[in-house]
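Welcome, and thanks for taking a look at this structure with us. Here is a short briefing to read alongside the sequence and the model.

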Amino acid sequence: MGFTDRHLLGIESLSPAAITEILDLADSYVDFNRQPARHADALAGATQINMFFEASTRTQASFELAGKRLGADVMNMAMQASSLKKGETLIDTATTLNAMGPDLLVVRHPHSGAVNLLAEKVTCAVLNAGDGRHEHPTQALLDALTIRRAKGRLHRLSVAICGDIAHSRVARSNILLLNRMESRIRLIAPPTLLPAGIEAFGVEVFEDMEEGLRDVDVVMMLRLQKERMDGGFVPSEREYYHRYGLDHDKLAFAKSDAIVMHPGPMNRGVEIDGTLADDINRSVIREQVEMGVAVRMAAMHLLARNWRAATAEATA
């Protein structure tokens with residue numbers, strides 16, 4: 001059984017078959033997006049509202065572009081300047097949204113679980129664009145599509161995820177997805193940036209880059225936010241880069257055809273060497289951005305299909 005859910009709230013609930021269906025459709029949208037005419041009708045007549053309670057220009061733009069290419073009427077709500085500042089609750093927001101009658105909500109929120117709560121209260125499909133430290137499902141899916149196109153498969157690869165694991169919803173979603181696809185996951189980070197009990201997720205943990213990167217197929221670097229640098233999690237930017245920043249010397253311990261990834265935005269000279277980030281022979285960071293639009297188109301297409309099928313069944 002493929003993807004049959006009403007909402008896309010995380011990777012945790014997805015089966016390998018559901019992940020594969022999303023990626024297969026996204027693959028077709030990659031080719032579609034490279035054509036001169038890029039107008040489809042999967043969301044024709046539908047209203048998509050992007051609600052970003054937390055700023056993210058790149059992700060919001062990707063969802064907006066995806067919705068418009070599918071034929072949706074897309075509206076962006078500036079939630080940071082909204083009535084929530086005046087004390088409106090998430091439940092009040094859901095009530096207002098139900099009165100507006102959208103078909104799809106794309107929601108990013110700084111608090112873990114907020115998107116799930118909203119999904120329980122609204123009458124339309126909800127897509128999680130990142131919530132707190134919980135999940136960021138479309139980032140993991142676009143990473144998976146990037147890996148699959150570069151390596152020809154997702155199964156039984158060796159993938160190193162390096163950096164701020166403790167605070168990263170990207171890491172969590174990728175760990176869940178890659179585990180579903182039977183890949184071997186290595187986490188590389190200083191102890192201050194590793195969550196307690198992480199071994200229970202079925203991963204190997206390393207504090208040394210040389211040891212952790214040895215013979216891996218994929219190297220996925222994570223962004224180190226400025227507050228981590230200022231909050232005592234790492235001694236300094238220079239020390240962090242020396243020990244955990246990816247450069248050509250450290251990458252040499254991985255397989256010779258290993259690819260380099262980063263969800264962006266990058267701190268060049270902190271998480272990754274700038275020349276390596278731009279190395280077209282090793283880096284697939286630009287491809288990740290392209291895959292992001294295709295994956296979000298696929299996810300919204302399938303949500304619309306499932307929602308319409310459920311509505312038709314309920315009214316039959």
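A polar contact here is a pair of N or O atoms within 3.5 Å, where, within protein, one must be able to donate a hydrogen and the other to accept it. The side chains of His-136 and Arg-108 make such a contact, at 3.0 Å. Please keep in mind that this is a predicted model.

- An unreviewed UniProt entry lists Arg-58, Thr-59, Arg-108, His-136, Gln-139, Gly-264 and Pro-265 under "binding site".
- The lining of the largest pocket includes Arg-58, Thr-59, Arg-108, His-136, Gln-139, Gly-264 and Pro-265.

**Arg-58**
- You will find Arg-58 in helix H2, which spans residues 57-69.
- With a relative accessible area of 45%, Arg-58 is partly exposed.
- Not counting residues up to four places away in sequence, Arg-58 touches Pro-263, Gly-264, Pro-265 and Val-289.

**His-136**
- The loop between strand S4 (125-131) and helix H5 (137-151) holds His-136.
- His-136 has 4% relative accessibility and so counts as buried, the cut-off being under 20%.
- Neighbours within four places in sequence aside, His-136 is in contact with Thr-59, Arg-108, Ala-129, Gly-130, Arg-169, Val-170, Ser-173 and Arg-296.

**Thr-146 in helix H5**
- Helix H5 is also where Thr-146 sits, and Thr-146 counts as buried at 4% relative accessibility.
- The Thr-146 side chain reaches the backbone oxygen of Leu-142 at 2.7 Å.
- Beyond its neighbours within four places in sequence, Thr-146 is in contact with Met-261, Val-284, Glu-287, Gln-288 and Met-291.

- Which residues of helix H3 (residues 90-100) are buried? They are Leu-90, Thr-93, Ala-94 and Leu-97.
- Seen down the axis of H3, these buried residues fall within an arc of 100°, so they line one face of the helix.
- An α-helix has 3.6 residues a turn, so residues three or four places apart point the same way.
- Turned away from the buried side of H3 is a face that carries the exposed residues Thr-95 and Ala-99.
- The cover over the buried residues of H3 includes strands S1 (47-52), S2 (73-77) and S3 (104-109), along with helix H4 (114-121).
- Just after H3 comes Gly-101, with a positive phi of about 70°.

Technical notes:
Residues numbered from 1 in each chain as written. Predicted model: local features only at pLDDT ≥ 70, side-chain atom pairs only at ≥ 80, totals over all residues. Heavy atoms only, no water. Buried < 20%, exposed > 50% of the residue type's maximum accessible area, 1.4 Å probe, protein only. Helix = DSSP H or I, 4+ residues; strand = E, 2+ residues; numbered from the N terminus. Arc of directions from axis to C-beta. Contact = heavy atoms within 4.5 Å. UniProt positions renumbered as here; feature names shortened; annotations may be inferred. 1 Å grid on protein atoms, 1.4 Å probe; cavity = no way out; pocket = protein on both sides within 12 Å on 5 of 7 lines; lining within 4 Å.
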